[in-house]
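Dear colleague,

Please find the structure below, handed over for your work. My notes on it follow directly after.

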Amino acid sequence: MISSVNRVIGRLPGNQVVVMKNKEANELYSKQDQAISRLKRRDQHVRNHEASHMGHYGLITVGSPSYSYTLGPDGKAYAIGGKVRITTAPSKNAYDALMKAQALKNAAMSVSDPSPQDFSAANAASVMEKEALNKIAAQSQSRAHKAYSQVNAAYKNTQAKNKVFQMFA
């Protein structure tokens with residue numbers, strides 16, 4: 001079969017022809033094939049990247065990933081970027097907030113090649129994590145102070161009772 005990329009330059013006996021291949025057309029198709037191949041690889045990479053952010057314990061994925069597309073030379077759409085909306089339920093306490101911040105950070109950094117948005121999400125999760133740790137430390141300090149006050153009051157009460165017993169002894 002003779003295609004538009006080839007040109008007949010002569011005829012041979014028995015319905016045979018001599019064909020010259022059009023080098024420019026072959027190069028054009030080759031470049032298109034290379035572009036399509038690159039787009040397919042990028043599409044697969046983007047889809048795998050976004051899928052790896054999903055499904056972490058303590059996180060809620062809001063919908064499915066959304067993608068930005070480009071049209072390839074073959075007229076098909078290929079994903080070239082994407083995002084996943086992830087949220088957490090409201091935290092019940094500082095320990096819960098700490099677990100959710102760590103889960104967000106793990107989800108953001110779960111890919112082999114984090115994007116700038118992944119680093120930004122991980123940084124925001126680190127801020128949440130530090131805030132939760134500060135609350136936990138403040139609560140622990142408050143409990144320790146309360147326990148110290150109770151022990152100190154009990155000690156003073158015991159000293160007062162001992163003085164009373166010493167007076168009547």
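Of the 169 residues of the protein chain, 21% count as buried, where buried means under 20% relative accessible area, exposed over 50%, and partly exposed in between (1.4 Å probe, protein chains only). This is a predicted model, in which local features need pLDDT of at least 70 and side-chain atom pairs count only at pLDDT 80 or more, while totals for chains, interfaces and linings use all residues. Residues are numbered from 1 along each chain as its sequence is written, and side-chain values use heavy atoms, with hydrogens and water left out.

The protein chain has three helices and six strands, in the sequence order β-β-α-β-β-β-β-α-α. Helices (H or I, at least four residues) and strands (E, at least two) are DSSP runs, numbered from the N terminus.

The largest pocket holds about 560 Å³ of space. A pocket is an open set of points on a 1 Å grid over the protein atoms alone, where a 1.4 Å probe fits, with protein on both sides within 12 Å along at least five of seven lines; lining residues have an atom within 4 Å of a point. Its volume is the space filled by probe spheres set on the points, which are joined across faces, edges and corners. The lining of the largest pocket comprises 23 residues, and E50, H53, V84, Q117 and D118 lie nearest the centre. At least two lining residues come from each of α1 (23-53), β5 (77-83), α2 (94-108) and α3 (116-168).

Within α2, the buried residues include A94, D96, L98 and K100. At the start of α2, a side-chain oxygen of N93 comes to within 3.0 Å of the backbone nitrogen of Y95.

S66 belongs to strand β4 (residues 66-71) and counts as partly exposed because its relative accessibility is 34%. Beyond its neighbours within four places in sequence, S66 is in contact (heavy atoms within 4.5 Å) with G81, G82 and K83. S66 and K83 are 17 residues apart in sequence, with their C-alpha atoms 5.5 Å apart in space.

Yours sincerely

Methods: Polar contact = N/O pair within 3.5 Å; in protein donor to acceptor, adjacent residues only side chain to side chain.
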